[in-house]
Amino acid sequence: MAEPHQSRVYSDLARFYDFFFGRVFVDREHEVIESLNLRPGNRVLEVGVGTGIALGGYPPYAHVVAIDPSADMLKHATKRVAENNWGHIELKVGDALNLDYPDTASTMSPAFTC
């Protein structure tokens, strides 16, 4: 099994990430989230949440678990969640190669593809 990417790049860039990338990506990320047509009670797993620039696009009636392997990125996301009082968003350290959730891919349709 592959090992998760280990890099200080995201940790080193965490404090500058929103300034450089937020303006470029946030609008598109919100469009993608809106295209999911989330309904009350839907649950979302966002992998690679970074500083949480996309979190404002999730409706408050959908429960979101957002993971990222970078603790420094999650510090910024945690601040954003607290400042906005987003009780529907849960942040955790984690990576895509070692998800702490059951594999339901065989019983689910993809919401969107990149």
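Residues are numbered from 1 along each chain as its sequence is written, and side-chain values use heavy atoms, with hydrogens and water left out. In this predicted model, local features need pLDDT of at least 70 and side-chain atom pairs count only at pLDDT 80 or more, while totals for chains, interfaces and linings use all residues.

The chain contains two helices and three strands, where helices (H or I, at least four residues) and strands (E, at least two) are DSSP runs numbered from the N terminus. Along the sequence these elements follow the pattern α-β-β-α-β. Of the 114 residues, 31% count as buried; buried means under 20% relative accessible area, exposed over 50%, and partly exposed in between (1.4 Å probe, protein chains only). The chain exposes about 8,100 Å², of which carbon and sulfur atoms supply 54%; accessible areas come from the Shrake-Rupley method with a 1.4 Å probe, and for residues only the protein chains shown count as cover. Among contacts (heavy atoms within 4.5 Å) with a separation of 6 or more, 64% are between residues 24 or more positions apart.

In soluble globular proteins, nonpolar side chains tend to be buried together. A nonpolar core is here a set of buried Ala, Val, Leu, Ile, Met, Phe, Trp, Tyr and Cys residues joined through side-chain atoms within 4.5 Å. The largest such core has 15 residues, and Leu38, Leu55, Tyr58, Val64 and Ile89 touch the most other members. Strand β2 (63–68) and helix α2 (71–84) each supply at least two residues of this core. When residues up to four places away in sequence are not counted, Val64 touches Val44, Tyr58, His88, Ile89 and Glu90. The C-alpha atoms of Tyr58 and Glu34, 24 residues apart along the chain, are separated by 7.7 Å. Glu34 lies in helix α1 (residues 9–35) and counts as exposed because its relative accessibility is 63%.

Strands β1 and β2 run parallel and are joined by five bridges; two strands pair if DSSP finds at least two bridges between them. Val47, in strand β1 (residues 43–47), has Ile67 of β2 as its bridge partner. The covered face of β1 carries Val44 and Glu46, and the uncovered face carries Arg43, Leu45 and Val47. With 41% relative accessibility, Val47 is therefore classed as partly exposed. Leu45, Val47, Leu99 and Tyr101 make a nonpolar surface patch of about 300 Å².

Tyr61 is located in the loop between β1 and β2 and is partly exposed, because its relative accessibility is 40%. Not counting residues up to four places away in sequence, Tyr61 touches Leu38, Arg39, Pro40 and Gly41. The C-alpha atoms of Tyr61 and Arg43, 18 residues apart along the chain, are separated by 9.3 Å.

Positive phi values in residues other than glycine occur at Asn37, near 50°, and at Asn85, near 55°. Asn37 is placed in the loop between α1 and β1 and is partly exposed, with a relative accessible area of 48%. Asn85 is placed in the loop between α2 and β3 (89–93) and counts as exposed at 68% relative accessibility.

Definitions and conventions: Patch = residues over 30% accessible without salt bridge, like charges linked within 9 Å, V, L, I, M, F, W, Y side chains within 5 Å. Salt bridge = Lys/Arg side-chain N within 4 Å of Asp/Glu carboxyl O.
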